[in-house]
Amino acid sequence: MAKFERAGDVRTGVVGYGAAFDMGRRHLTDTRKAGMSPCAVAETDPERLDAAGKDFPGVELYPTVDEMLRESDVNLVVLITPHNTHAELALQCLRGGRHVISEKPFAITTEECDAMIREAASRDLLVTAYHNRHWDGCVLEALKHLHEERAIGEIYRIDARIGGYVHPGDWWRSSRSISGGVMYDWGVHLLEYGLQIIPSDVVEVSGFAKSGFWADETPWKEDTNEDVACAVVRFENGAWLSLTVSSLESNPRQGQLEVSGTGGTYIFDGRTYEMIRQIGNEKVVTKGANMPSRWDAFYDNIARHLTEDETLVITPEWARRPIHILDLAATSAKQGHAMKARYQ
């Protein structure tokens, strides 16, 4: 791994500066907050490239990734592009000698993740995914109660869910071939929460899906995301996790994650939690607000990893885990049986 004397020596750039969520500006701002030096933007839309120049005066502007890699001395490239481009762009940048951070999801398939990991390892480069929500206040609060305090005993089940009864929209995130499927957006975050809460290897995954209800009402037709999809994950320690993402949910349940333990239940969403503990013959209910999120921790860790050799929190192997689960779930839904997990 190439190291730098100080964070300011790490010259950062982004591929993609689209207007949606303004993520290009956020990434460059956050790398600067961590002490690194924004220097380059690659964007095919001239208007958005112009916006980047106004947001970061003096930053180098390139209409293609090829030109950025050929002409810029950027060290660390962040990919902010549609999901199905992450692997190809990551490999291109790694082969160009650059460290790479991919927006979540890391990629769409297990094979893509493995190719990215191999390429980075062969060149002693960093590759990872932007899992800033690893430090969401809701999961930090949950880990305090569930791991440190063991407030609900041994955890044996997680039910993760998100969705409503809603048209999926006409943007690219509703295309299965571009996005990966209905679970590749918020589903990746919820899985990453669950993988923190259940610290055990995945054994097998079963997948279920329903498609076709919304398809005729979108420009993607048969390529529209599933209306609802579910992954059921079996862990080596005997625990299990179910994830359901739905656009056909007419009666959404409380919370995004419901964690069951031998001594109670813990339910949380992005803002609050509710803990129901069984103490003797009584149920004791505790409610509260989650602690603040610490998203700055992601780029602070990246900067210290590249300058001080601090242990990387979001390793590429960790970023691969939710993608492998979703990949197996999609295959299982098509084939009608559980799929065994595969490790490198």
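Author: Gladly! Contact here means heavy atoms within 4.5 Å. This is a predicted model, in which local features need pLDDT of at least 70, side-chain atom pairs count only at pLDDT 80 or more, and totals for chains, interfaces and linings use all residues. Residues are numbered from 1 along each chain as its sequence is written, and side-chain values use heavy atoms, with hydrogens and water left out.

Reader: Which residues does Ile-302 touch?

Author: Leaving aside residues up to four places away in sequence, Ile-302 touches Met-36, Leu-76, Ile-101, Leu-126, Thr-128 and Leu-312.

Reader: What makes a set of residues a nonpolar core?

Author: The members are buried Ala, Val, Leu, Ile, Met, Phe, Trp, Tyr and Cys residues joined through side-chain atoms within 4.5 Å. Buried means under 20% relative accessible area, with a 1.4 Å probe and protein chains only; exposed is over 50%, and partly exposed lies in between. The largest such core has 104 residues, among which Phe-268 and Ile-302 touch the most other members. Helix H10 (residues 316-335) supplies the largest share of this core, 7 residues. Helices (H or I, at least four residues) and strands (E, at least two) are DSSP runs, numbered from the N terminus.

Reader: How do you know that the span of helix H5 agrees with its 14 residues?

Author: The expected span is 1.5 Å times one less than the number of residues. For residues 110-123 that should give 20 Å, and the end C-alpha atoms are 20 Å apart, so the two agree. Buried residues of H5 include Thr-110, Cys-113, Met-116, Ile-117 and Ala-120. The buried residues of H5 pack against helix H4 (86-95), strand E6 (127-130) and H10. Just after H5, Asp-124 has a positive phi of about 55°.

Reader: Which residues lie nearest the centre of the largest pocket?

Author: They are Phe-21, Lys-104, Trp-171, Arg-173 and Asp-185, out of 46 lining residues. A pocket, on a 1 Å grid over the protein atoms alone, is an open set of points where a 1.4 Å probe fits, with protein on both sides within 12 Å along at least five of seven lines; lining residues have an atom within 4 Å of a point. The volume of this pocket, the space filled by probe spheres set on the points, is about 1,100 Å³. Helix H1 (23-33) gives the most to its lining, with 3 residues.

Reader: What gives the most to the lining of the second largest pocket?

Author: That is H10, with 7 residues. This pocket has a volume of about 420 Å³.
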